[in-house]
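Please read the following briefing alongside the sequence and the coordinates.

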Amino acid sequence: MRLEVGNIFIKDIQFADTTKVENGVLYVNKEELVNLLSVDEHIKSIDLEIVKPGDSVRITPVKDVIEPRVKVEGNGGIFPGFLSKVDVVGQGKTNVLKGAAVVTTGKIVGFQEGIIDMTGPGAEYTPFSKTCNLVVIAEPVDGLLQHAHEEAVRIVGFKAAKYLGEAGKTVTPDEVTVYETKPLFEQAAQYPDLPKVAYVYMLQTQGLLHDTYVYGVDAKKIVPTIIYPTEIMDGAIVSGNCVSACDKNPTYVHMNSPIIHDLYKLHGKEYNFMGVIITNENVYLADKERSSNWSAKLAEFMGLDAVIISEEGFGNPDTDLMMNCKKISAKGIKTVIVTDEYAGRDGASQSLADSDPSGDACISNGNANMIIVLPKLDKIIGHIDVVDYIAGGFAGSIREDGSLEVEIQAITGATSEVGFGHLTARTY
């Protein structure tokens, strides 16, 4: 598959009478978008706020972050299985409003939603302090069950991102990057002298508001499979989970996977990037065995020399991570694992719930238990009272002077794949 991604650099967002992109500014018709998002019977009210890098603003609880994109040419549309028909995406042309993001908030869904600070020390831990954000405040009707609440807010975020993305459909991109992965045998033959490398992409699927979706299907219902990297760029994989804010990959991160983008950078130079194996993170041992067996089988089937394996979440999924690592290594395929750690506030605790000698090449995204103090900011969007009981918060996290004392796991994107940056380990 060959996908041209056209980046339209957004340097500002403003409310206006017409939604459009002009000279790097995204103009948004607030009334039109509110009306579009207010049709869900589960949502009592919708409001929109604009926040920009450097603003003295704190957003919490953060449900999801989504990047506005639009299909210009090619099959299907953005968010297939949700807002677009279930067609195979990942080819043709897609325009991106780079530098803009939709952030969803409102009454808390579960207890593992996060914080985005647009300035101060907390801003250094989240990439979403650097984007121009349209915040969608979606308040549910009274008595709505949590799963229905999560679904309603998820779809509201997708609709807002699609609406904004459409404004860039006829705009000439500032930058165009081509990503291409050929069918398996063709790809292997293209660079026969280079090591064949793939990405084993573990998706959070433990249920209880810990869900990820592939073409609209709850990923805990799938067996591991092979997917073109470019499909993911068109929104084939989206977040529906409320796992700890630092651990989860918001939809924005799935669409911009740093690992996938880094693997493409040296494709054809240092290695042959063969594609992506997606797998799930299960609760029961039999399901863990099945999925890790399939991941190893697919890695062998693809004739790989090495893989990068990333984890979403912590604790129970550490076992899935190690089972994938162990079984793939047993096939003679070299592995590097990517994970954050929960090593206690003093850093002295066991950092992963499971381990294996085969996991001898590891990239750490940091200790999520580390304590940070976030100073009082001028404006709160959302509900600040949730900070005392979200993951990473605790009784007394909200101080009398308006500052917060939390573990960095409470910050959206603090140690997840979104903060991963460039690959620093060789797998071959």
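In this predicted model, strand β19 (residues 272-281) is largely enclosed by the rest of the structure, because 10 of the 10 residues of the strand are buried. Strand β14 pairs with β19 in the parallel sense over 9 bridges, whereas strand β17 (residues 225-227) runs antiparallel to β19 and is joined to it by 3 bridges. The points below give the bridge partners in these strands and then turn to the other topics.

**Partners of strand β19**

- In the parallel pairing of β14 and β19, A198 has G275 of β19 as its bridge partner.
- In the antiparallel pairing of β17 and β19, the residue that stands opposite T225 is I278 in β19.

- Strand β6 (residues 57-62) is paired with β11 in the antiparallel sense over 3 bridges, and V62 has G114 in β11 as its bridge partner.
- P61 lies in strand β6, and the peptide bond that joins T60 and P61 is cis, with omega at about -5°.

- L209, found in the loop between β14 (196-204) and β15 (212-214), has a phi near 70°, which is a positive value in a residue other than glycine.
- The relative accessible area of L209 is 7%, so this residue counts as buried.
- Y215, in the loop between β15 and β16 (217-218), is not a glycine either, yet has a positive phi of about 50°.
- Y215 is likewise buried, with a relative accessible area of 15%.

**Aromatic pairs**

- The structure holds 8 aromatic pairs, among them that of F79 and F158, which is stacked because the ring centres are 4.7 Å apart and the planes stand at 15°, under the 30 degrees that stacking requires.
- This pair links distant parts of the chain, since F79 lies in the loop between β8 (69-73) and β9 (92-98) and F158 in helix α2 (residues 146-166), 79 residues apart.
- F79 is buried at a relative accessible area of 0%, and F158 is also buried, at 0% relative accessibility.
- The pair of Y179 and Y264 is tilted, because the ring centres are 5.1 Å apart and the planes stand at 55°, an angle that falls between the limits of 30 and 60 degrees.
- Y179 lies in strand β13 (residues 175-180) and Y264 in helix α6 (residues 258-265), so the pair ties together parts that are 85 residues apart in sequence.
- Y179 is buried, with a relative accessible area of 11%, and Y264 counts as buried at 11% relative accessibility.
- A cluster linked by ring pairs takes in F79, F82, F158 and Y213.

**Lysines over aromatic faces**

- K20 lies over the face of Y27, at 5.7 Å from the ring centre.
- K297 lies over the face of W294, at 3.5 Å from the ring centre.

- I398 is found in the loop between β24 (379-382) and β25 (404-407), and counts as partly exposed because its relative accessibility is 30%, a value between the limits of 20% and 50%.
- Leaving aside residues up to four places away in sequence, I398 touches I384, D385, V387, D388, S403 and L404.
- I398 and K379 are 19 residues apart in sequence, and the distance between them in space is 15 Å, C-alpha to C-alpha.

**Confidence of the prediction**

- The pLDDT averages 93 over the chain, and 97% of the residues score at least 70.
- Over residues 419-428, by contrast, the pLDDT is below 50, although this stretch has 30 contacts in the model beyond near neighbours in sequence.
- Where pLDDT is low, the predicted coordinates should not be read in detail.

Key:
Residues numbered from 1 in each chain as written. Predicted model: local features only at pLDDT ≥ 70, side-chain atom pairs only at ≥ 80, totals over all residues. Heavy atoms only, no water. Phe/Tyr/Trp six-rings, centres within 6.5 Å; stacked < 30°, edge-to-face > 60°. Helix = DSSP H or I, 4+ residues; strand = E, 2+ residues; numbered from the N terminus. Buried < 20%, exposed > 50% of the residue type's maximum accessible area, 1.4 Å probe, protein only. Lys NZ or Arg CZ within 6 Å of the ring centre and 35° of its normal. Contact = heavy atoms within 4.5 Å. pLDDT = per-residue confidence, 0-100. Pairing = 2+ DSSP bridges.
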